[in-house]
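Please load the model in your viewer with the chains coloured separately, and follow the stops below in order.

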Amino acid sequence: MSSPFRETSLILECPKCETLNYLDPFTFWNFKGKIKCAGCDAIWAYELVNGTRKAAPAAATAPHDKMPGYAQSKDWKTITDFSKVNKGPQAREDFQGKPIPITKSKRGNPVSGTPLTAADLVGSRPKQFAK
Amino acid sequence: MVDKALKDMTFEDFCRSVFNTKDTFHKPEVLKGIRAISTTQYILGPASAAYLAELGAEVIKVELPKRGEPMRHTTPFNEPFLYPLSRWMPEKGTGLGFFGANPNELFLSLDFHKPEAIQIMKRLAAKSDVACENYRAGTFDRWGIGYRQFKDLNPRMVYQWMGGFGGWGPGRNRASYDILGQAQGGCFSITGWPKEYGGMPSKQTIWIMDYWGGAISAFNILACLYWRDNVSGEGQFLEYSQVHGAQRHLTDFISLYGKTGIVAQRWGNWEPLLCVHGILKCGKSSFPNSKNPQEQEVGFCFVSAYKDEDFKKLCGVVGNAELAKKYPTHADRVGSDAQQAIYPALEKFAADKTKEEVWKAFTGAGLVSQPVWNSNEAANQEHWHLRGSMQWLDDPTFGDVQTQGVAYRLSETPGRIKHVFKPVGADNEFVLSKLCGYGGSEIADLEKKEII
Amino acid sequence: MAEKWRTEKKRPKIKVLPWPAIPAPTVDEVYAGVDEKRKEYSLWVESAVRQQFNADKPESLNGIRVLDMTTNQIIGHWCSSHFSELGAEVIMVEPPGGDPLRKLTPFGREEYMFSSQDGEKCGVRFLSEARNKLSVTLNVETEEGRKLLKAMIPQVDLLIENADPGHYDKLGIGYRQLSEINPKLVYMWVGQRGQWGPLKDQPGAMDPVAQCSMGFVHGTGAPVSFGGTPTRSGWWLCDQVGGTFAAIGAMAALYAREKFLGKGQFVECTGAEAVIRIIDYNWAWNGMDGSVRPRYGNWDLAINIYAVNPCADGQIMVGGGHDRLWFRIWRAAGKAKPYLEQHICEDPKLRVVTDRLPHYQQVETYTTLVEWMKDCTRFQCETALQEEEVASGGVSFLDEVCEFPHYKYRGHVLLVDDTEYGQVLIGGSSFIGQKTPGRIKWIGRPVGKDNEDVYRGLAGLNRQELASLKKGGVI
């Protein structure tokens with residue numbers, strides 16, 4: 001059975017390697033140009049008008065105009081390498097997307113920004129701040 | 001009435017002296033003796049009570065036991081958290097989405113589905129002046145803790161209900177969030193670049209319908225307290241609909257539509273009413289070598305030069321005297337064609353400069369100008385910290401945090417931030433014994449039964 | 001750049017429909033088929049707060065007198081609107097010739113302005129904040145003008161001004177001087193960044209200065225990687241939010257005065273600091289590790305799903321922060337495209353609420369969602385999602401806003417029949433209450449219309465004195 005993602009517009013399934021390239025609606029709502037697949041680097045000519053594809057992707061030559069906003073395989077293996085997908089906005093020099101343990105504030109004083117255990121608490125306050 | 005020393009100072013010194021944040025805690029609080037119950041979630045409801053808490057009211061925030069309020073579990077990019085959430089769940093943090101909406105408050109945890117909790121609410125209501133809630137319309141009425149039940153217990157209570165669409169009308173059952181209010185209210189349709197410039201309807205960076213909605217509700221509460229204490233002795237029921245806030249903000253666009261049928265559109269970083277009064281793109285970044293990608297971006301700078309003399313000066317600074325000759329009066333400049341020609345011409349000047357260089361050039365000529373600062377640059381300004389609108393606080397639970405302060409200055413009875421927030425149920429024992437007459441073993445029993 | 005028909009020369013003629021183009025629904029239509037118990041509560045609330053009963057009810061701030069001496073910014077007028085809607089007597093004190101804001105109109109188009117009975121034109125921006133207020137003229141740059149002001153001060157409760165920092169103090173009518181005459185006066189200065197401190201206001205500073213100086217503009221709009229730029233708000237947001245906080249500050253001062261203080265005080269509020277107060281978590285985040293809050297377009301950094309995305313005929317907002325709603329949203333999408341629901345619900349990376357927040361997970365989420373929504377109009381999306389009890393709503397334009405049945409029914413948008421300016425459509429008062437609701441009594445007054453009444457009443461001037469002051473440019 002053919003994959004339904006073969007027909008989807010904003011989720012571009014690469015005809016070669018079946019990687020799902022996510023074309024975010026911000027950048028790609030109206031688009032005409034070449035996209036580089038994040039899975040296998042193949043170049044595809046593609047056109048979207050109001051988020052709907054005009055035709056299936058056509059093989060094309062380098063250089064590409066844009067990379068997808070994100071990509072993953074059909075079984076959810078992610079691709080977030082910056083040479084394969086667009087960089088997203090970041091608040092700091094690195095982007096982690098998970099809780100970052102912080103023990104000192106920007107100006108160097110202790111702040112309770114790391115997970116604690118019950119043993120670290122006095123009542124509901126971290127030991128370091130309780131009298 | 002001002003004593004001699006203050007009278008002889010320069011105006012600037014006078015202001016620094018009467019608004020000195022170091023004296024804040026020596027001065028009385030406006031709402032001393034007022035108690036408010038805040039059975040609220042997200043931002044709209046909590047913000048309203050928070051503005052009262054800043055002024056010194058004793059605000060009791062009521063949340064579900066253990067997990068607390070949903071906003072505790074939101075944080076930008078999933079990265080920053082403050083710990084602990086509660087003594088029951090110290091390893092789970094409270095996200096920063098919760099920050100700013102609950103300062104100075106006492107935190108009570110209560111499960112409304114248990115009958116004892118309803119009892120506790122009634123005991124609190126009998127002793128409170130204000131109640132804020134933003135549950136679905138009619139929910140508290142059904143549980144027996146709405147205005148109709150409270151007003152018999154306490155006729156002096158001011159009861160503020162807040163919600164998305166209100167408790168009556170065709171849309172009353174619709175759930176609402178801040179940006180839904182912005183969207184349905186028309187705010188998106190006028191913010192952002194027009195389609196021709198590659199733009200689209202944009203959201204405001206902040207949860208403004210929520211926070212501002214809380215502010216205007218707080219004003220209404222204060223006005224009703226004023227009326228109660230000076231005129232009538234009565235409380236009342238107040239309603240606030242968040243989506244209505246959007247109509248209030250856009251009221252002049254609504255008048256425009258009513259008279260002319262014109263539907264206002266986006267106009268980017270420029271201004272339909274005035275020209276020149278817009279934000280210019282500068283070509284260089286101010287911190288090209290910064291590790292933080294945010295800082296590597298090119299700068300932007302605002303300039304305002306709508307008076308004829310100022311516009312001439314501006315054209316002199318950017319080295320384009322032709323422009324001043326072509327658009328000598330404001331009426332010449334303010335039309336949409338003119339604006340579309342003038343701003344690109346001005347941006348040519350800024351195309352090879354940082355925003356600081358552009359700012360200096362404009363202010364040097366006596367023009368009003370302001371670079372677009374990111375949060376780091378804004379937070380590093382001594383100006384806000386000196387005035388108290390931003391402050392570093394040694395929070396008793398979390399340590400050293402940088403927080404927003406009170407928005408306005410009062411010389412005799414300033415508002416103040418005492419703590420940013422506390423874990424879920426941190427003040428259970430205090431509130432229950434002080435206000436509800438429960439003893440130690442009763443409280444332990446309530447905790448065991450998971451009522452608190 | 002712009003299409004031809006948008007140039008100044010060839011603008012289309014627009015047929016103005018009478019408002020409302022479609023009448024508001026009736027009570028019976030709204031509550032048709034609702035069960036009695038639910039209906040009972042809604043009807044009780046309606047009976048308590050419906051605007052048609054407003055005129056029967058008292059006013060919270062009756063008896064307070066406010067002098068609004070601000071010009072050129074909307075922050076002071078917005079602030080005094082709060083007081084005027086709740087019954088205070090607000091007198092706008094404008095320079096002779098009127099507040100310069102009166103002359104502002106979008107793109108300079110005079111046909112957008114309202115005319116008073118005498119043909120005096122006024123722009124919508126100013127007129128929308130002139131509600132319930134009187135208008136007098138006064139030139140405080142003259143000695144006689146200041147004398148007149150000082151004569152009235154003993155009867156004023158709140159004075160609002162936004163002159164350049166220290167200007168009124170230099171003229172002898174600042175807080176230090178006026179509080180000698182009337183110790184109970186609450187004196188408020190409003191502006192963009194403040195009247196003291198390293199960044200104190202430059203003369204002429206207006207709303208965008210505040211927006212740019214505290215990170216609002218940087219944080220609004222699409223990120224660079226999406227092709228966006230920092231964007232200012234479409235309206236004078238800092239002024240308006242600042243005006244509300246200024247009103248809270250002034251109200252707090254009045255409350256304290258009556259309760260225990262016995263005297264007035266000096267109040268200051270600025271547009272920038274008001275938005276600093278409410279800009280979510282920027283400062284805490286920055287304080288923890290120097291993070292700079294990025295622009296995120298119409299998506300949200302802290303909550304997924306909570307964004308506005310494009311659809312077939314515009315943009316649609318969909319919101320649902322927690323688990324229960326997450327699955328419901330996909331269920332709605334899955335009715336049309338089951339493979340979308342299946343692929344995203346089985347994704348092991350998106351199990352927990354907080355896992356859905358990182359940028360790439362948001363790209364995955366919204367691309368999948370728009371894959372469904374691109375084929376639906378705003379109305380179709382809304383209907384499908386509301387069936388699952390998910391909050392959603394299209395981005396509305398102002399004509400849709402003005403005709404929205406819910407707003408017409410509740411009076412958020414209402415038509416005021418003004419004696420001076422005729423029929424004016426406006427956003428109604430936000431103060432909905434049971435006993436002392438806010439109300440709009442009139443839209444505004446032409447420049448100096450109330451000179452005679454106010455100056456006679458408050459300063460005892462007679463006709464000759466008024467005439468000579470007028471001749472001398474004092475009023």
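Begin by selecting C:Asn282, C:Trp283, C:Ala284, C:Trp285, C:Asn286, C:Gly287 and C:Met288, the buried residues of α12(C), where buried means that 20 or more other C-beta atoms, placed from the backbone, lie within 10 Å of a residue's own. They belong to a helix of residues 282–289, mostly covered, with 7 of its 8 residues buried; helices (H or I, at least four residues) and strands (E, at least two) are DSSP runs, numbered from the N terminus. The model is predicted, so local features need pLDDT of at least 70 and side-chain atom pairs count only at pLDDT 80 or more, while totals for chains, interfaces and linings use all residues. Residues are numbered from 1 along each chain as its sequence is written, and chains are lettered from A and ligands numbered from 1 in the order in which they are written.

Next, display what the buried residues of α12(C) pack against: β9 (102–104) and β10 (110–113) of chain A, together with α17 (375–379), β12 (390–395) and β13 (399–404) of chain B.

Now turn to the contact between chains B and C, which takes 153 residues from chain B and 158 residues from chain C, two residues being in contact if their C-beta atoms, placed from the backbone, lie within 7 Å. On the side of chain B that touches chain C, helix α8 (residues 208–232) gives the most, with 16 residues.

Finally, select strand β14 (residues 408–410) of chain B and strand β8 (residues 266–270) of chain C, which run antiparallel and are joined by 3 bridges; here B:Arg409 has C:Glu268 as its bridge partner.

Conventions. Two strands pair if DSSP finds at least two bridges between them. A residue is buried if 20 or more other C-beta atoms lie within 10 Å of its own, exposed if 12 or fewer, and partly exposed in between; C-beta atoms are placed from the backbone.
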